[in-house]
Every structure is written in structure tokens, then in C-alpha cells.
Amino acid sequence: MKKILAALALTTALTLPGVALARPVTLTTTLKNYGGDGAYLAIYVTDAKGAYAGTLWMAGGKAKYYEHLADWYRATGGNTAEINGITGASVGAGRTLEITLDLADALFDAGYTLHVDAAVEDMRDGPNDASVPLTSANAGREVQGRRYVASLGYSM
Amino acid sequence: MKKTFAILLASTAIAVGAGIPAWSAMHGAALSSARADENRLVRLASDDDRGDDDHERSGRRGDDDDRHGDDDDDDREGDDDDDGYGGSATANPAPAGTVAPPANGLFGSGAAPKVKVN
């Protein structure tokens, strides 16, 4: 019986860390009432060195406009393979976009930063419109954006 | 003894089933980071209001005047998907839910994102 319990304890200990290596995270981006068309938004992550690590969401489905998401485009060359399966509609002025993703735990408290690039038709581009470091302490907080983004935050 | 083996087998199967995808995600994150170090040492922080991104984009995205409250996917009339900006055709990305998210090491699983616009 003791052997069984020991085996169970061991395998449970091995299993739990694996289960806990990812968690659902909700990213919330609210736009200002800037008085223009729907905004294209690139939501992506950079690592501790400031280098592009990957994209979490693209709001806006037409690749020909991605060059106006300047920082994201500079890092990716507009490669749509980066955003297959994580692309949705553009977001209207004053609206709030909520995306829930299953994100790796390794992204948090490891120097990664969440960024939003924004672009609106016939208006100025908004590279790195908002950014927030991905830390446990920042969860539930909101940061202000610069041009089109009113606020950016995440919860988990 | 058979029971012990059965329990060990079952729990090991569970550990492997849950552990390998999670380990892969972690490994993918490390690879992604390494790839960024090697190939993309582009510093992205745009802290300032740069003058070079302030250009107007006249004529961009067709001539649709449906402006206020436009949260749609800008599928505008007369705006073909294959008329690439600047003359080059670029394939549009696959929408969420049609394929799994990219294996960039950021996602814990292949689950489709849940999206809501208020």
C-alpha cells in the first residue's frame, strides 16, 4: 500500500508542473474615440532584450495594411504565417477588444513585454501605442496608450 | 502487484500526456527567444512620437465612408483582397478558429482564442 501511495505521489508531482505551464489570460484593449475608421491592431510580445518574440493577436484581416503597424511589420516583415489562426476583425473607435488566450507561464516574470501597434485609415500610425511588462504584479492593472489606445491590460 | 503496475501505468500515461505538450510549449518559447536573438535583434520600443510615422495615407483602404462605430472586418465594397498595397499581392492570414495558433512558443496549447468586442 505504501508503495502505491509513493508511486501516486511521485507521478502526481511529475504531472502537476506540466499542467501548470500554461494559463488562460485575457488581454483587454480599449480604444479612444478618435473619430476615424476601425483600427488595425497588432498585439505582440518582446523579450527582455527588446527583440520580437511573437504575436498574440492581429485585429484586421488584410495583409496589405500591415505595413502601417510599423514596429510589428519591421520585426516580422509582414509575414502572415506569424498570425494565422490569431487574426480577427478591426476594432472600432471607442470599442473594447477582449481576447482570451492560453499563454505559456514562461512569458510572465521573465522580462517579456506586451505591445500594441495601431493604425487607422487616413490617420497617423501608432507604433507601440501601448505596452506593459508581463508580470504577475501587473495583472489586473491598466496602462494608458499614446494615440489610439485608451488603455491596455491583462488578467489571469 | 498487478494493481500497482496498473496504477503506475495509468499515472505515467497521464503525466506523459500532460507533460509533453507543456514541455513542448516551454521548449518552443526558448527556441523562439533564441531565434529572436539570432535573427531579429531589432529593438522595437517606440517610446517617442516619431516624425517618420506621421504621414497621411490618402487613398488607403478604398473610399468607404462608413466610419463611426466601425468594428467590422472592413470587408469593403469594391475592395478586393488581392490588390496588394503598392502593387504587390500578399496572402491574407487565416482567421482565428480556422487553423491553430502559430507554434511560436507563446501559446500553451492549440486552443483557439476567444474574442469579444464591446
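User: What helices and strands are there in chain B?
Analyst: Chain B has one helix and one strand; these are DSSP runs numbered from the N terminus, at least four residues (H or I) for a helix and at least two (E) for a strand. This is a predicted model, where local features need pLDDT of at least 70, side-chain atom pairs count only at pLDDT 80 or more, and totals for chains, interfaces and linings use all residues. Residues are numbered from 1 along each chain as its sequence is written, chains are lettered from A and ligands numbered from 1 in the order in which they are written, and side-chain values use heavy atoms, with hydrogens and water left out.

User: How much of chain B is buried?
Analyst: Buried residues are 29% of its 118 residues. Buried is under 20% relative accessible area, exposed over 50%, partly exposed in between (1.4 Å probe, protein chains only).

User: Switching to chain A. Where is Gly36(A), and is it buried or exposed?
Analyst: Gly36(A) lies in the loop between E1 and E2 of chain A. It counts as buried because its relative accessibility is 2%. Its C-alpha atom is 6.7 Å from that of Ala93(A), 57 residues apart along the chain.

User: What order do the strands take in the open sheet?
Analyst: The order is E4-E3-E2-E6-E7 (chain A), five strands with mixed pairing. Pairing requires at least two DSSP bridges between two strands.

User: Which strands stand at the edges?
Analyst: E4 (87–88) and E7 of chain A; each has a single partner strand, so one side of each has no neighbour in the sheet.

User: And how do E2(A) and E3(A) pair?
Analyst: Antiparallel, over six bridges. Ala42(A) has Met58(A) in E3(A) as its bridge partner.
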